[in-house]
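Hi,

Here is the structure I promised to pass on.

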Amino acid sequence: MKRLSYTIESAHGFLKDIETYTNDVLEAVTFTTFEFACERLAVVNNLLSTECWISAVYIPFPRPRAVPLLSETLQ
């Protein structure tokens, strides 16, 4: 089964972190609603040197790889 999600995308790929891009949507930052994705893009837009936009993507559900928890990525 696939689930509709939203991601921030640029010509360099999907946004993974500030100024870090990936071609693998499973490594990208994803959002469950278009509105929330737009809010987050507005927050980080001034930190990005590349033009970005919101894209709708289908990702496998459940994910083949678990998304790391925020507490794990800050260590």
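Below is what I found around a few residues. Bear in mind that this is a predicted model.

Let's start with S10, which belongs to strand β1, the stretch covering residues 2–10. Is S10 buried or exposed? Its relative accessibility comes out at 4%, and anything under 20% counts as buried, so S10 is buried. The S10 side chain also makes a polar contact: it reaches the backbone nitrogen of H12 at 3.0 Å. If you skip the neighbours within four places in sequence, S10 is in contact with Y21, T50, E51, C52 and W53.

That brings us to Y21, which you'll find in strand β3, residues 20–22. Which residues does Y21 touch, once those up to four places away in sequence are set aside? They are S10, H12, G13, F14, L15, K16, L48, T50 and C52.

S5 has a relative accessible area of 4%, which is why it counts as buried. Leaving out residues up to four places away in sequence, S5 touches T30, F31, S55, A56, V57 and I59.

Happy to go through any of this with the model open on screen.

Cheers

Note on methods. Residues numbered from 1 in each chain as written. Predicted model: local features only at pLDDT ≥ 70, side-chain atom pairs only at ≥ 80, totals over all residues. Heavy atoms only, no water. Helix = DSSP H or I, 4+ residues; strand = E, 2+ residues; numbered from the N terminus. Contact = heavy atoms within 4.5 Å. Buried < 20%, exposed > 50% of the residue type's maximum accessible area, 1.4 Å probe, protein only. Polar contact = N/O pair within 3.5 Å; in protein donor to acceptor, adjacent residues only side chain to side chain.
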